[in-house]
Amino acid sequence: MAHSSDGLVAHHFEDLEQQTESAVLGMWLFLAQEVMFFGGLFVSYLVYRIKFPDAWATASGALNVWQGGGNTVVLLVSSVTMASSVWCAQTGRQRGLKLGLWLTLILGLTFLVVKYFEYKDKFFHHLIPGANFHWTGPVIGSPTEGQIELFFVLYFIMTGMHALHMIIGAGILIWIMALAYKGYFSPQRYMKVELFGFYWHFVDIVWVFLFPLLYLVQRHG
Amino acid sequence: MSSIAARPDVIPAAPKNYINAKSTLMSWLFTTDHKRIAVLYLISITIFFGMGGLFAMLIRLELITPKGDFLTGDMYNKAFTLHGVIMVFFFLIPSVPATLGNFVLPIMVGAKDLAFPKINLLSWWLYVFGGVMAIGVVINGGIDTGWTFYPPYSTTYAASNVTLAILAAFMAGFSSIFTGLNFIVTVHKMRAPGMTWFRLPLFVWAHYATSIIQVLGTPVIAITLVLVAVERVWGVGIFDPQLGGDPVLFQHLFWFYSHPAVYVMILPGMGVISEVIPCFSRKRIFGYEFIAFSSLAIAIIGFLVWGHHLYVSTQSTYAGLVFSLLSFLVAVPSAIKVFNWTATLYKGQITFEAPMLYAMGFIGLFLVGGLTGLILASMANDIHFHDTYFVVAHFHYVMVGGMVMAYMCGLHFWWPKMTGRMYPAALASIAAILVFVGFNLTFFPQFILGFLGMPRRYHQYVEEFQVLNVMSSAGASILGIGYILQPFYLVWSLVKGPVAGMNPWGAKGLEWQVPSPPPTFNFPDGQPIVVEEAYSYTTEESHSGA
């Protein structure tokens, strides 16, 4: 992650194994930190969903399940392409690596474009929290507008944080692609791809939780 | 800094060390050497300690008289908020880990550096950016929410620099996360051959436990503060009850981090004490395993006690009951440490060098701080003591009497290692005694004030309380003198101090087996191989082990 690129083993490590294990453990800890970061949001979501079930059922209906569901598929497929990129890097398949990274990038950007259209749609329907927020859709139970707005506050913060992670991920992905085109990776040197894979899968998993929590509130049997 | 190397009275053939390895400013600001980063941290946190102390001075000046005549209520609110924000986020949390930990932890485990040197540098830069923002807050008129940023005041009503202060704390938070991450990986993966887990110095165990809290707790406050900022900037309701939000949710999220964070502010200090006590009693530490595991126990149980800050919020009595029990439980591992330190002293060959004076002070003051914590942990008492000076005195006994003493203890212990120079011993001892006396005079009266019902965070009070408040302010002046002395004689020692040698205290541990100051990659003879237990002191051994 943070090592100089001259030689396989950075100066402060004794051997490649120590360096690899350190990098992997470091990444897991970083992801643990990420889990707690998103955890604060999930707890807030949970508390308010229990307090305001009607508002949650009502507001969730305004989200487009097809766009959200389609995006879920897009991300899951991108996890597959990312996993194959890691395998290609480990086994020295340079063409496969580049192809996998390209597909992952394209799928990631596809997700962001769909997300952009979803946000834009919310804007036109006055569903952006703030002074212009106005709920005109059908109502389940008796929620107040403030409670419905609260759902959208959390919707935008949670998906926004997720999208921010996607954007950062796309940036790192482009850097890794540049390295791949320089012929940087080899079966001895693939950790950057593998660690990025960790991150990418994590961001996918966050979405796997976000999708049902936000889009499917009132759609269970 | 680099001028030290060029001084004429250094032995001409002095080998290269981390200080004189390179001399440009850039080689310091963008260094990846953990020792240089520790020095950068040392300088930065000293600046913030001074700033935080200045605000404490304003508070104590105001409270000399019962009337609110020196500061307006508004200015007083800003003074105690800035004192809290700066001291907590920019001094206490990074104090021991980022300076002493950064410097000695990699050497203690026998590594050339931390596992991720560049992330270590990043973490200092994040701290600096956060620190610049905090200074921006001060210049731009301050912040008046209290360091806890409680909504709805912070989100809706406060007209001060809440958002900027939140960003500053956010940055400092990620700096702390990266330090913790680096330490955990280093302890797991970078230990030298023979350095088994149970040969690690207890300082390392303490930092390992601290790091777990930093990595798992800090992100929660980061996102919580983001939510406060979002609510404030866009005027949407997340925590403000008028807009449908729940301010108690904020308190839960805030204390989920901020209570474990008080262990971030004490565990590393306990680690320092565990090093110093055996060294100056010439005895192996008593109950090594218990001290090691009690650090982990504190870190783990510490995550389950946050509700004791919410006894008088709307938290249910039953939740309060559980939190109360768990809070009592967390005192057990702390007590184990105190018992083991005192047992280490028993029949030891005790000498009272400056670090030892601080360590003895620590044990006494931490004991008072810890025991009064039990009084506050019981729900019925807490309703009486909540938001009084009793609470202020309690946490200052732990944070200042504990952590600041431990920080100074460690600084005096490892100063010869870090700089290669000895400071004047007599002056250092005088400073240590001044700090101890001044501290007690400052904060002991506050227990009585709180017991009598004086609330915290008020700039005026009833006349009956004046004597105790004057005592407190007088104590603060003595404390201040004790603190101010230190930079003078420590800087003096850089220039005029006698050369310390490799091991001036005759201490055990890998950091004392490398030159002072250590060379860039720590171990000039290559990776060490560890063959003995930690703290293998023998009572007969003389102190001049160098």
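This is a predicted model: local features need pLDDT of at least 70, side-chain atom pairs count only at pLDDT 80 or more; totals for chains, interfaces and linings use all residues.
Trainee: Which residues of α8(B) and α11(B) meet?

Mentor: From α8(B) they include B:Leu202, B:Trp205 and B:Ala209, and from α11(B) they include B:Tyr288, B:Ile291 and B:Ser295. By class, this contact has 12 nonpolar, 2 polar and no charged residues.

Trainee: What makes B:Tyr535 buried?

Mentor: Count the neighbours: B:Tyr535 has 24 C-beta neighbours inside 10 Å. The cut-off for buried is 20 or more, so B:Tyr535 counts as buried. Its place is in the segment after α17 of chain B, and it has a positive phi of about 60° although it is not a glycine.

Trainee: And why is B:Arg282 called partly exposed?

Mentor: Here there are 19 other C-beta atoms within 10 Å. A residue is buried at 20 or more and exposed at 12 or fewer, so B:Arg282 falls in between and is partly exposed. B:Arg282 lies in the loop between α10 and α11 of chain B, and its phi is also positive, near 50°.

Trainee: How do you know that the peptide bond from B:Pro151 to B:Pro152 is cis?

Mentor: Look at omega, which is near 0° for that bond. B:Pro152 sits in the loop between α5 and α6 of chain B. Another cis peptide bond joins B:Ser516 and B:Pro517, with omega about -15°; B:Pro517 is found in the segment after α17.

Trainee: What span is expected for helix α16 of chain B, and what does it reach?

Mentor: The helix has 28 residues, and 40 Å is expected at 1.5 Å a residue. From its first C-alpha to its last, α16 reaches 41 Å, close to that value.

Trainee: Which residues touch the most other members of the largest nonpolar core?

Mentor: Of its 234 residues, those are B:Ile86, B:Ile166, B:Ile273, B:Val276 and B:Cys409. The largest share of this core, 22 residues, comes from helix α4 of chain B. Among the residues B:Ile86 touches are B:Phe48, B:Met51 and B:Ala134.

Trainee: How many residues does each chain give to the contact between chains A and B?

Mentor: Chain B gives 35 residues and chain A gives 31. On the side of chain B, the largest share, 10 residues, comes from α8(B). By class, that side has 23 nonpolar, 7 polar and 5 charged residues.

Terms used
Residues are numbered from 1 along each chain as its sequence is written. Chains are lettered from A and ligands numbered from 1 in the order in which they are written. Helices (H or I, at least four residues) and strands (E, at least two) are DSSP runs, numbered from the N terminus. The expected span of a helix is 1.5 Å times one less than its number of residues. Two residues are in contact if their C-beta atoms, placed from the backbone, lie within 7 Å. Ala, Val, Leu, Ile, Met, Phe, Trp, Tyr, Cys and Pro count as nonpolar, Asp, Glu, Lys and Arg as charged, and the others, Gly among them, as polar. A nonpolar core is a set of buried Ala, Val, Leu, Ile, Met, Phe, Trp, Tyr and Cys residues joined through C-beta atoms within 7 Å. Lists of a residue's contacts leave out its neighbours within four places in sequence.
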